[in-house]
Amino acid sequence: MKFIVLFFPLLFIAGCKKETPLLFEMPFQNLDFTMPAGQNALETYYVNFPAVPTNITALLDNFKIEANEVSGIVPGNGRLFPIFGAGDFDDLFREFVVQICPTGSTDNKCGFEGFYWDLVGQKIGLELNLIPNPLDLSDLLMEDKVHIQVWYRLLRASNETIDTRLALSFLVQ
């Protein structure tokens with residue numbers, strides 16, 4: 001009986017996870033690209049943003065935080081939507097992935113999966129809310145620039161051109 005009385009509080013304390021405080025969000029708001037009509041369901045399509053400024057120095061200065069105070073940078077929110085509401089994502093995607101890569105990368109699937117979506121059959125409508133992958137990307141995002149790569153596969157051939165915007169944010173802890 002004494003064992004049970006001592007064991008459960010220890011188990012509870014061990015199970016409590018201390019949350020890392022949020023210092024600020026790092027936004028990447030206007031990553032625009034065009035999905036042309038006629039793309040088929042047999043190929044994987046890649047879109048590269050090879051040198052996206054992170055603005056990390058300005059953000060750290062703005063929030064009066066030293067670089068050594070950052071314990072991690074993890075994906076926060078990711079949204080994909082047609083610019084001006086022209087286009088529809090329903091039953092279009094099989095898979096959609098956002099990778100964070102070192103600047104200068106030229107390979108397909110060049111880095112770490114920051115966001116993804118693979119919920120086939122779910123109604124999407126005009127906005128695709130991506131799922132953040134909880135991994136620390138601070139090694140890449142503490143640099144002045146980063147390479148962001150999108151790759152996607154379709155369920156069906158696209159019948160219209162869709163001007164698309166990707167908006168991402170990362171949580172700096």
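In what order do the 8 strands stand in the open sheet? The order is 1-8-3-6-5-4-7-2, with antiparallel pairing.

The model is predicted; local features need pLDDT of at least 70, side-chain atom pairs count only at pLDDT 80 or more, and totals for chains, interfaces and linings use all residues. Residues are numbered from 1 along each chain as its sequence is written, and side-chain values use heavy atoms, without hydrogens and water.

**View 1. The elements of the protein.** The protein has 3 helices and 8 strands. From the N terminus they run α-β-β-α-β-β-β-β-α-β-β. Helices (H or I, at least four residues) and strands (E, at least two) are DSSP runs, numbered from the N terminus.

View 2. Two strands pair if DSSP finds at least two bridges between them. Strand 1 (24-35) and strand 2 (44-53) stand at the edges. Each has a single partner strand, so one side of each lacks a neighbour in the sheet. Neighbouring strands are turned by 20 degrees against each other on average, direction ignored. Axes here are lines fitted to C-alpha atoms, and angles run from 0 to 180 degrees between N-to-C directions.

**View 3. Strands 4 and 7.** Strand 4 (residues 93-101) and strand 7 (residues 145-154) run antiparallel, joined by 8 bridges. Gln99 has Gln149 of strand 7 as its bridge partner.

View 4. Of the 173 residues, 39% are buried (under 20% relative accessible area, 1.4 Å probe, protein chains only). Among contacts (heavy atoms within 4.5 Å) between residues at least 6 apart in sequence, 85% join residues at least 24 apart. The protein exposes about 10,000 Å², of which carbon and sulfur atoms supply 56%; accessible areas come from the Shrake-Rupley method with a 1.4 Å probe.

Key:
Buried < 20%, exposed > 50% of the residue type's maximum accessible area, 1.4 Å probe, protein only.
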